[in-house]
2 protein chains.
Amino acid sequence: MAGIEEVARRAGVSAATVSRALSGRGHVSSATRERVLEAAADLGYVVSSSASALATGRMRNVGVVIPFLNRWFYGAVVEGAESALLAQGYDLTLYNLGGSVDERRSVFEHFLLRKRVDAVIAVSLELTADEVQRLHDMRKPMVGVGGPLPGVRTLSIDDIAVSRLATEHLIGLGHRRIAHIGGDPSIEMDFHLPTNRRIGYLEALSAAGIPSDPTLFHPGDFTMQGGHAAAKQLLGAPRDRPTAIFAASDEMAIGAILAARDLGLDVPRDVSIIGIDDHDLAEFFGLTTVAQYPMLQGRMAVDVLMTELHPAHPQPDSLNTPLPYDLVVRSSTTRPDASRG
Amino acid sequence: MAGIEEVARRAGVSAATVSRALSGRGHVSSATRERVLEAAADLGYVVSSSASALATGRMRNVGVVIPFLNRWFYGAVVEGAESALLAQGYDLTLYNLGGSVDERRSVFEHFLLRKRVDAVIAVSLELTADEVQRLHDMRKPMVGVGGPLPGVRTLSIDDIAVSRLATEHLIGLGHRRIAHIGGDPSIEMDFHLPTNRRIGYLEALSAAGIPSDPTLFHPGDFTMQGGHAAAKQLLGAPRDRPTAIFAASDEMAIGAILAARDLGLDVPRDVSIIGIDDHDLAEFFGLTTVAQYPMLQGRMAVDVLMTELHPAHPQPDSLNTPLPYDLVVRSSTTRPDASRG
DNA sequence: CTGAAAGCGCTAACAT
DNA sequence: ATGTTAGCGCTTTCAG
């Protein structure tokens, strides 16, 4: 529990010098710095974050707000953000807003605003204009991951382009009866993500001159179960069974693969299946998918915050930074069976 | 950015009274409290956590240290802890020590000890005696989840009893050739968990007078892939194929189910499979398992910390609190096929 | 390059 | 029940 004063005494300097030597701010002769460092090490001294924060106004802590923790995507984003923050000497305080609306308000009122964090990363969260405004008023940098937030710097993939790419892969292989398992548009959690992915699918079809067929759409709920149930419906159709399925997430795509197997269909011979994500399990299931990189997304969010926190270089003028994605072809897609209609 | 002084002026009282009214410590007439609350609300006042922490020595923040984030068990523990902490007005700072040893030391040296947290929850982490000692020296309450930490209050399931129960379920159904997919004992991550689970398995066999057969053990790595590979080996045996498999985790058990399907075997008719966890996907796969409750474990860890942080009732003298577990029978286990040996 | 001194915004005795 | 008065442990002008 050594304090700065003790270190100062031991090094034969003043507390001010210790502070300068340890923080790197201000000039200290290297000889003095040595002595201070040694004294601090001997005493096992560590600055009190509260005292330091009170004096500087900086907490060296960022809040990460997510709607779920136990879903692959969110966990990975947090993981990426955590390691990037750690490397910068920042802590990560986690707010899981999955719960009730009350819990959500509570976080805003009593925590984020409690001057506990220097900045916030909002993952796939639709903040109200009021909430954004308050953060703005407190001059807290904020970055959104996963969708455009009004007036906020965000990182997001182009959901329309991603699903167009996935659909085009199937079309390129020769498929024309392509089903889509998407989200329930009435439960628009993340920024119209389900809608955007469906739009990309429809765009690709229409660009290829393939008429869209509403019976080829089934909502899932982004879980394996949901994808399984939807695929059962799609693949159990007595006639005009789709030759390919594009699922809006890998978990749903895996559910679809299992549904096909349950029905005795071979993937990809009888039906090609593609997802989005490059989930941990995608490789195991041989799933063709469009990869997005959530850990990278977490890291990039931190980078953005750091440039806002330590303004040095001019900031890019565009609020939204597009995120990378790639088609990863594995063994769940192939050309449609020529012997079938 | 209103400060306590402004609130005091607006309410016509002193800063001390505002502090008392807002924190609930000390007596304030209800009329005064009303005025203070209103003034604070009008000004959008929130206490500065750093100032408050500096004055009280309490951060209202607990550190959670985990080895992985993106595994069902850990995510769930964190989720449980987070919501319990939030309810108590505490924040959760996350330290993911999955990375390098350097990262791990860095966390200890510069973060946990930086007086940033009031207490720490260590999930499935083997801390060195030295690390435990340092936390102790700083008088930081600590609770371990998932295994006994030397001299630390811990919550853990009885791994031996759990796997004995799983194995006994199989024996009770009439199985005698029971294989086990466990962890690689040479990579003892979590507190000899793989070893303990194997011990429980062996105990159950021996209690039933069934000789153990080393060829019926295969290491997995607690992933679906690992379970799949191990089960392939086990079930592909040309003779004396096991009639049942006990996997030390649900993810491995699910991998085993998929392996059985790949081989054209029916679960449970040709082979019964049981796991441990009650993973999110267990129900979907109809997996019989021994449930443990990680969210509950996170919540309980918080409860323990709270009683240490606010000593009121006498503490239990036993350092270890056993955690509940239950056999959940679904459709992946049945009696062995009588027509086979 | 270093030291002295004045806070940062709150809380907790101690008075009243 | 409320006000006064010291700090909590650091950082940062301002001098020297």
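**Reading a protein-DNA model**

Modeller: A base nitrogen of DNA strand C lies 2.7 Å from a polar side-chain atom of Arg20(A). This is a predicted model, in which local features need pLDDT of at least 70 and side-chain atom pairs pLDDT 80 or more, while totals for chains, interfaces and linings use all residues, and side-chain values use heavy atoms, without hydrogens and water. Residues are numbered from 1 along each chain as its sequence is written, with chains lettered from A and ligands numbered from 1 in the order in which they are written.

Colleague: Which atoms of His27(A) and Ile4(B) lie by a phosphate oxygen of DNA strand C?

Modeller: For His27(A), an N or O atom of the side chain is 2.7 Å from a phosphate oxygen of DNA strand C. The elements giving two or more residues to the surface near DNA strand C are α2 (15-23) and α4 (49-56) of chain A, and α2 (15-23) and α4 (49-56) of chain B. Helices (H or I, at least four residues) and strands (E, at least two) are DSSP runs, numbered from the N terminus.

Colleague: How many residues surround DNA strand C?

Modeller: A residue is near a strand if one of its heavy atoms lies within 4 Å of it. Here 25 residues surround DNA strand C, and Arg20(A), Ser29(A), Thr32(A), Ile4(B) and Ser19(B) are the closest. The largest share of that surface, four residues, comes from α4(B). Of the atoms of DNA strand C within 4 Å of the protein, 68% belong to sugar or phosphate and the rest to bases.

Colleague: In what order do the strands of the open sheet in chain A stand?

Modeller: Two strands pair if DSSP finds at least two bridges between them. In chain A, six strands form an open sheet with mixed pairing, in the order β7-β6-β8-β9-β10-β12. At the edges stand β7 (217-219) and β12 (325-328) of chain A, each with a single partner strand, so one side of each has no neighbour in the sheet. Strand β6 (residues 178-182) of chain A is joined to β7(A) by three bridges, and the two run parallel. Within this pair, Ile181(A) stands opposite His218(A).

Colleague: And which strands are at the edges of the sheet in chain B?

Modeller: Six strands of chain B form an open sheet in the order β7-β6-β8-β9-β10-β12, with mixed pairing. Its edge strands are β7 (217-219) and β12 (326-328) of chain B, each pairing on one side only. Gly182(B) has Pro219(B) as its bridge partner in β7(B).

Colleague: Is Asp91(B) buried or exposed?

Modeller: Buried means under 20% relative accessible area, exposed over 50%, and partly exposed in between (1.4 Å probe, protein chains only). Asp91(B), in strand β2 (residues 91-96) of chain B, has 2% relative accessibility and counts as buried. Its side chain makes a polar contact with the side chain of Arg116(A), at 2.9 Å. A polar contact is a pair of N or O atoms within 3.5 Å; within protein, one must be able to donate a hydrogen and the other to accept it, and residues adjacent in sequence count only if both atoms are side-chain atoms.

Colleague: What should I look for in the backbone?

Modeller: Most residues other than glycine have a negative phi, and most peptide bonds are trans. Asp277(A), in strand β9 of chain A, has a positive phi of about 140 degrees although it is not a glycine. The peptide bond from Val267(A) to Pro268(A) is cis, with omega near 15 degrees.
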